[in-house]
Amino acid sequence: FEVPDTHPKSPPARAQFRVDGPVPAALELLQSERIRGQAAVPMDSSNSRGNLGGMVTVNLPITANPPPGATQYNIALDVAGFAADKMVMGQKIEAQALKVTANNLGYQIKGDVRINGTPAALDYSKLAASGEADVRVQTTLDEAARARFGFSTGSSLSGPVPIKISGKVSDNKDVRLQIDADLTPAKVENLLPGWTKPSGRS
């Protein structure tokens, strides 16, 4: 903790510290009154687990009641053994390792995850001034994965289907997504009447 110049009224200070601990405790901290409005995250402590560690830097004036926006922070965290029951679009998310960065402008959660048991690459970011989060997911859905997500097509579609999902999730849980599915490696057999193609054809 340092105060470079103590002469000004409400002198600027900087605090830097390392945090290590369980994810539920960190989420409870983010719900505290002082930072709740800026750091709302898409999960709560009751259905999340894992451990985190990282560095936090805070720039703040030395005054009893700092005005809104006077405190600036930067957070860089590594999260291990993470799981949240309903993090993105109501789906369970698990990850051996996640990167979390945050500052006054917003936050980003990024890493390789499992969504309902399906491996995927996740990029979830939200600006503090926005009521919507940007979501990007890349994955490949085989028959079993499609069935878990409710997209079972029986024998009409067989083989892996690479998927790219991008869109927005609002604070009131409205979801608007664009889905790009590459059917090249899949076999199509009357998915719609007359739709047939072998595996490997675009």
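Student: Where does N116 lie?
Tutor: The model is predicted: local features need pLDDT of at least 70 and side-chain atom pairs pLDDT 80 or more, while totals for chains, interfaces and linings use all residues. Residues are numbered from 1 along each chain as its sequence is written, and side-chain values use heavy atoms, without hydrogens and water. Strands here are DSSP runs of E, at least two residues long, numbered from the N terminus. On that numbering, N116 sits in the loop between strand 5 and strand 6.

Student: Is N116 buried or exposed, or in between?
Tutor: The classes are buried (under 20% relative accessible area), exposed (over 50%) and partly exposed in between, with a 1.4 Å probe and protein chains only. N116 has a relative accessible area of 28%, so its class is partly exposed.

Student: What is phi of N116, in degrees?
Tutor: N116 is a residue other than glycine, yet its phi is positive. The value for N116 is near 50 degrees.

Student: What is the phi of N190, which is not a glycine?
Tutor: N190 is found in the loop between strand 11 (187–189) and strand 12 (196–197). With a relative accessible area of 42%, N190 is partly exposed. Its phi is positive, at about 55 degrees.

Student: How many salt bridges does a search of the whole structure find?
Tutor: Side chains of opposite charge can pair when their charged atoms come close. A pair counts as a salt bridge when a side-chain nitrogen of Lys or Arg is within 4 Å of a carboxyl oxygen of Asp or Glu. Across the whole structure, the number found is 6.

Student: How far apart are the closest N and O atoms of R18 and D20?
Tutor: R18 and D20 are each exposed. They form a salt bridge, and the gap between their closest N and O atoms is 2.9 Å.

Student: How many residues apart in sequence are K99 and D78?
Tutor: The K99 and D78 side chains meet in a salt bridge, at 2.6 Å from N to O. K99 belongs to strand 4 (residues 91–103) and D78 to strand 3 (residues 72–88), so the pair ties together parts whose separation in sequence is 21 residues.

Student: Which strands hold E132 and R176?
Tutor: E132 and R176 form a salt bridge, with their closest N and O atoms 2.6 Å apart. The pair links distant parts of the chain, 44 residues apart. E132 is in strand 7 and R176 in strand 10.

Student: What relative accessibility does R176 have?
Tutor: E132 is partly exposed, with a relative accessible area of 25%. R176 also counts as partly exposed. For R176 the figure is 46%.

Student: How far apart in space are I109 and G167, C-alpha to C-alpha?
Tutor: I109 is found in strand 5 (residues 106–115). With a relative accessible area of 5%, I109 is buried. I109 and G167 are 58 residues apart in sequence, and in space their C-alpha atoms are separated by 15 Å.

Student: What distance separates the C-alpha atoms of G90 and F17?
Tutor: G90 is found in the loop between strand 3 and strand 4. At a relative accessible area of 49%, G90 is partly exposed. Along the chain G90 and F17 are 73 residues apart, and their C-alpha separation is 34 Å.

Student: What distance separates the C-alpha atoms of S10 and A64?
Tutor: S10 is in the segment before strand 1 (12–22). S10 counts as partly exposed, at 31% relative accessibility. S10 and A64 are 54 residues apart along the chain, and the distance between their C-alpha atoms is 8.9 Å.

Technical notes: Helices (H or I, at least four residues) and strands (E, at least two) are DSSP runs, numbered from the N terminus.
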